[in-house]
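Open the model in your viewer and keep the selection panel at hand. The tour goes stop by stop.

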Amino acid sequence: MEELLRLLAEDASGSELARAAGEDAVARDLALRIRAGIDASKKREAELSALVDVARELASARDPGSVLDTIVHRARSLIGVDVAYLTLYDGARGDTYMRATDGSVSAEFQQLRLPLGAGLGGLVAKTHTPYWTADYPADLRFQHTTTIDHAVREEALVAICGTPLIVDGAFVGVLFASNRTRRPFTHDEVSLLGSLATLAAVTIVQVRATAETAVALDQLSAAHAGVEHAAAAHDRFADIVLSGGDVDAIAAALAELLDVWVVLVDASGNELATAGTVPRASVPWQQSESGRLTRRGDCWVVAATAKGERLGALVIGGADDLSGADQRIVERAAVVTALVLLFRRQAAEQSQRAQADLLADVLSGSADPRTLTDRLRLLVPNHRHDRLVVAVCRGDHAGVLARLSAPLDDRLVLSGPYGGDLVLLFARTTALAVARDLSELAKRTGVTIAVTGPATWGDALIEAHRQASRTVATMVRLGRTGESGTPDDLGVAGLVGASDVDVRAHVHHVLGQVLDYDAQRGTDLIGTLQEYFAAGQSPTRAATSLHIHPNTVQQRLDRITALLGDGWQSPERALDVQVALRLYAALG
């Protein structure tokens, strides 16, 4: 017995103890039981030491992915199995899904989802109780499904043990240890896997909480930065308004603040301002229905509304996404833009009313000469121009002013309604130039426009307006609506409507191209014209009177057509030409 005790103290193996006991069966069994107890204690001590190491390793992990990888790796090594894996609970779908594996080779297995109650893992998840089997494919205790069984066969698993991950009664997931050959799991192994699962569940919850806290802090920091950014944007917009800035400055500030491009359109979709590099093909010109920012394709649109009226819209692009704070900045920019547009419209309406009153006083001759100069200086920066061209627009002239384009918009001195017409006064130009530049506008709008002048301020300007009014009335009576012209453009009708006729100017207006050609080349196309009309517009009889060949007459007539334009032989134009020829002859 003393020899057996010595061997036990020296940590001898079981075989050494059996040899020393010899034929004493009682002593041998006692020594072997003591040896087994010592071995079990050492194994338990090693397991506890390993759990301490796992706990230390998990405590130092901060990334959720690395925590899960550590758990399954440790489970595989501690239990001594071929494969270890972990599933997490998905509360939204009511099942568990594969999240981490160690030793797995099947992609299908690594993407497996386990419904509650299905298979061994689903039963663990449903009952929150450990389950294990030495031969899962043949174990009928579990609800086998085609999907789960196929994945298990792909991984070639046979023995499986699963234990739940639970923290404060909350189910987190399932930790598994599995083997590719048949093997039983001892209660000690199941207990060890359960202890590891407990450590894993606590660590997972703590890491999740830490990550959520970090996200919350980041969001709080971002929100604080967003508030400061929004405050800076508000101050920027306020400075623009207080300094008298226009919508161009607001668009530029918004583009700079958010690093985007900006387009401002009015209620009709006409462009008012741009900032940044705008890809025209991608701009959605459709108006937004509210003051809230909405997504339109790759762009953002928000209405600029004041007093319940939509005055325009801001279109934003060049950013993949806008944060909540940035969206509020855009909406604030839309409000400020609406106010500026409203102020601008009110100022324009006041200016138009003041101009209309001044124009009425100028054209009626009722303006007080002592105050006229001051009123002109305030309302008309170009009032020093002595000679003005008058344009009288008759018809639906609501959109005429908005459609004026260069160079006329820069030369407009005064405008407003008078006598039911729209009257425009232009400087630094001629009646012919104005009539020509307004011709396309007249066609688009259907407005009839008569142009006279230039004339000086005072009685001459009043008379020029009267002549333009008579001319536009004559144009309407003659059916020449939607046209722009001067009294000379009406030919004889223009002479009838005029109170004071400049005969030489009229002759030159009708025949100037031919007269200039004769003067430059020493020809007599004017004489050919006179003989042509005297012969009843017969080239043959005109040739006889001129003693030249008819072909020569025809060649001269072709030249006259090139100078006067097609249609000069039509009845109306032919009458104007004949009258001009008579006046030319009368002038000698």
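Which residues of α19 are buried? Select V553, L557, I560, L563 and L564: these are the buried residues of α19. They sit on the same side of α19, because they cover an arc of only 115° around the axis. That arc is taken from the directions from the helix axis to the C-beta atoms. Buried means under 20% relative accessible area, exposed means over 50%, and partly exposed lies in between (1.4 Å probe, protein chains only).

Before moving on, the ground rules. This is a predicted model, in which local features need pLDDT of at least 70 and side-chain atom pairs count only at pLDDT 80 or more, while totals for chains, interfaces and linings use all residues. Residues are numbered from 1 along each chain as its sequence is written, and side-chain values use heavy atoms, with hydrogens and water left out.

**Stop 1: the rest of α19**

Now select Q555 and A562. Both are exposed, on the face of α19 turned away from its buried side. Helices (H or I, at least four residues) and strands (E, at least two) are DSSP runs, numbered from the N terminus. Step on to G565, which follows α19 and has a positive phi, near 95°.

**Stop 2: salt bridges**

Side chains of opposite charge can pair when their charged atoms come close. A salt bridge here is a side-chain nitrogen of Lys or Arg within 4 Å of a carboxyl oxygen of Asp or Glu. By this rule the count is 11.

Select D95 and R113. Their closest N and O atoms are 3.0 Å apart. The pair links distant parts of the chain: D95 lies in strand β2 (residues 95-102) and R113 in strand β3 (residues 113-115), 18 residues apart. D95 is buried at 8% relative accessible area; R113 is partly exposed at 26%.

Select R180 and E155. This salt bridge has its closest N and O atoms 2.6 Å apart. R180 is in the loop between β6 (170-179) and α8 (187-242), and E155 is in helix α7 (residues 146-155), 25 residues away. R180 is partly exposed at 28%, whereas E155 is buried at 1%.

Last pair: E463 and R470, in a salt bridge at 3.1 Å, N to O. E463 is partly exposed at 30%. R470 is partly exposed at 29%.
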